[in-house]
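Okay, thanks for making time, everyone. Could you bring up the model on the screen, please?

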Amino acid sequence: MVDNDIRLQLHQSHPFPLDVEIECRAGELLALVGPSGSGKSTILRTIAGLHRPQAGFIQCGDEVWMDRQSGIHIPPQKRHTGFVFQDYALFPHLSALKNVTTAMGHLSAGKRDAKAHRFLEQVNLKGLEDRLPEQLSGGQRQRVALARALAREPKILLLDEPFSAVDQVTRKKLQQELAVLRRDINIPIVLVTHDLEEAATLADRLYILHKGQTLQNGKPADVMQRPCNALVARLIGHSNIFSASVELHQADQGITRIRWRGLSLEVALNETIALGSEVDWVIHPAHIIMHRRERPSFGERENPVFGIVKELLVLGETTLIGLQLGGADAPLLRFNISSHNARRNYLGIGSEAGVSLLSEGIHLMAQNRAKEKELRPLCRPMMTSH
């Protein structure tokens with residue numbers, strides 16, 4: 001397979017807006033994540049040549065596949081894309097082997113079967129070549145679809161929610177197999193998914209999309225831990241999103257202080273935000289430390305806050321807590337603790353409890369209320385696996 005990077009800019013105002021610029025390098029897996037209607041599948045279809053936006057271009061390696069300004073549009077069959085659809089789109093009357101050979105029009109008939117056998121073996125389907133799709137499990141059908149996509153010897157692999165139709169155990173196994181398969185194919189891979197954990201596990205980079213726009217892109221850990229604004233934080237499932245004002249920078253101590261509901265909280269130094277500015281901030285539950293009764297720890301000295309337990313949900317060995325820090329209108333701080341810890345601290349609805357908010361886990365975000373108001377109507381958190 002030929003090594004190729006792919007670059008694209010896509011613009012349209014109807015039938016729905018789309019304004020994105022994306023680059024994916026050979027050997028890289030890029031995940032497009034966002035709520036339904038954000039344009040993820042349309043981007044894949046455009047790369048494959050199945051949709052033409054009003055403006056833009058697509059370049060793969062040194063080949064221009066589309067340039068609306070110059071009138072260039074290479075047809076789908078000449079783009080050498082491997083596409084795994086959400087429903088797999090297998091031919092029901094053909095065996096697994098024949099489904100794969102249908103993608104081998106670029107080879108002579110005498111070479112197709114032998115190579116199809118190798119592709120099926122590569123996706124762990126050796127011995128199932130003669131089975132029809134109806135005789136295969138969901139995971140096996142997905143593997144046939146992947147083998148068929150690879151059989152085109154593509155310059156790019158497009159995966160449109162390829163694991164959504166299988167159970168959780170099979171999904172995990174298929175994700176692992178894709179991670180292994182990546183080592184053998186040095187081509188760009190673009191994955192569309194609603195599952196944030198899947199995207200963070202598999203991808204080298206995430207693109208967070210909403211209403212046809214890219215809100216943020218970067219390495220999964222950077223995007224998940226440092227969303228650029230409150231809208232992105234909501235989309236990726238943060239539950240602890242609050243507003244505060246910046247009251248002090250202490251460069252000599254490496255800290256910034258914010259004022260939140262009458263409390264002064266210490267966060268990592270961020271002098272890019274002016275004093276007095278209103279900011280949004282998030283904290284991941286992993287950086288919320290429960291105070292233990294009768295046995296204080298050193299970590300409790302950092303940003304200690306106290307409140308009343310308003311939500312308590314026991315889920316086996318984990319208990320979900322919603323702590324109200326203030327009056328009846330105060331937002332809830334949500335986090336998980338072990339059920340053993342909840343019992344040991346005699347927690348229940350109405351209990352008083354204290355936690356510490358570790359400064360390293362507090363992330364500040366500049367506010368853009370006008371933009372957020374424009375985009376928020378369709379804002380829904382994406383799925384996270386448990």
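Let's begin with the rings: there are four aromatic pairs in this structure, where a pair means rings of Phe, Tyr or Trp (its six-membered ring) with centres within 6.5 Å, and planes under 30 degrees apart count as stacked, over 60 as edge-to-face and the rest as tilted. One of them is Phe 242 with Trp 260, a tilted pair at 5.1 Å centre to centre with 50° between the planes. That pair links distant parts of the chain, with Phe 242 in strand β12 and Trp 260 in strand β13, 18 residues apart. Strands here are DSSP runs of E, at least two residues long, numbered from the N terminus.

Before I go on, the housekeeping. This is a predicted model, so local features need pLDDT of at least 70 and side-chain atom pairs count only at pLDDT 80 or more, while totals for chains, interfaces and linings use all residues. Residues are numbered from 1 along each chain as its sequence is written, and side-chain values use heavy atoms, with hydrogens and water left out.

Back to Phe 242: buried or exposed? It's buried, at 5% relative accessible area, and Trp 260 is buried too, at 3%. The cut-offs are under 20% relative accessible area for buried, over 50% for exposed, and partly exposed in between, with a 1.4 Å probe and protein chains only. Phe 242 has another ring partner, Trp 281: their centres are 5.0 Å apart and their planes sit at 45°, so this pair is tilted. Since Phe 242 is in β12 and Trp 281 in strand β15 (residues 278–283), the pair ties together parts that are 39 residues apart in sequence. Both of those residues are buried.

Gln 250 is buried, at 18% relative accessible area. Which residues does Gln 250 touch, leaving aside its neighbours within four places in sequence? Those are Ile 255, Arg 257 and Leu 269, taking contact as heavy atoms within 4.5 Å.

Now the charges. The count comes to 15 salt bridges, each being a side-chain nitrogen of Lys or Arg within 4 Å of a carboxyl oxygen of Asp or Glu. I'll start with Arg 259 and Glu 247, whose closest N and O atoms are 3.2 Å apart. This pair also links distant parts of the chain: Arg 259 is in β13 (residues 255–260) and Glu 247 in β12 (residues 241–250), 12 residues apart. Arg 259 is partly exposed at 36%, and so is Glu 247 at 30%.

Next, Glu 311 and Arg 334 meet in a salt bridge at 2.9 Å, N to O. Glu 311 belongs to strand β17 (residues 304–315) and Arg 334 to strand β19 (residues 332–338), so the pair ties together parts that are 23 residues apart in sequence. Glu 311 is partly exposed, at 32% relative accessible area, and Arg 334 is partly exposed with 32%.

Then there's Arg 25 with Glu 28, closest N and O atoms 3.2 Å apart. Arg 25 is partly exposed at 41%, whereas Glu 28 is buried at 5%. With Arg 205, those two residues are linked in a network of salt bridges.

On to the sheet. What is the order of its five strands? It's an open sheet that goes β16-β20-β17-β18-β19, with antiparallel pairing, and strands pair if DSSP finds at least two bridges between them. The edges are β16 (288–290) and β19, each with a single partner strand, so one side of each is left without a neighbour in the sheet. From one strand to the next the twist averages 45°, using axes fitted to C-alpha atoms and angles from 0 to 180 degrees between N-to-C directions. Five bridges join β17 to β20 (residues 352–357), and these two run antiparallel. In that pairing, Phe 306 stands opposite Gly 354 in β20.

Last item, cysteines. Cys 60 is buried at 1%, while Cys 228 is partly exposed at 34%.

Methods. Helix = DSSP H or I, 4+ residues; strand = E, 2+ residues; numbered from the N terminus.
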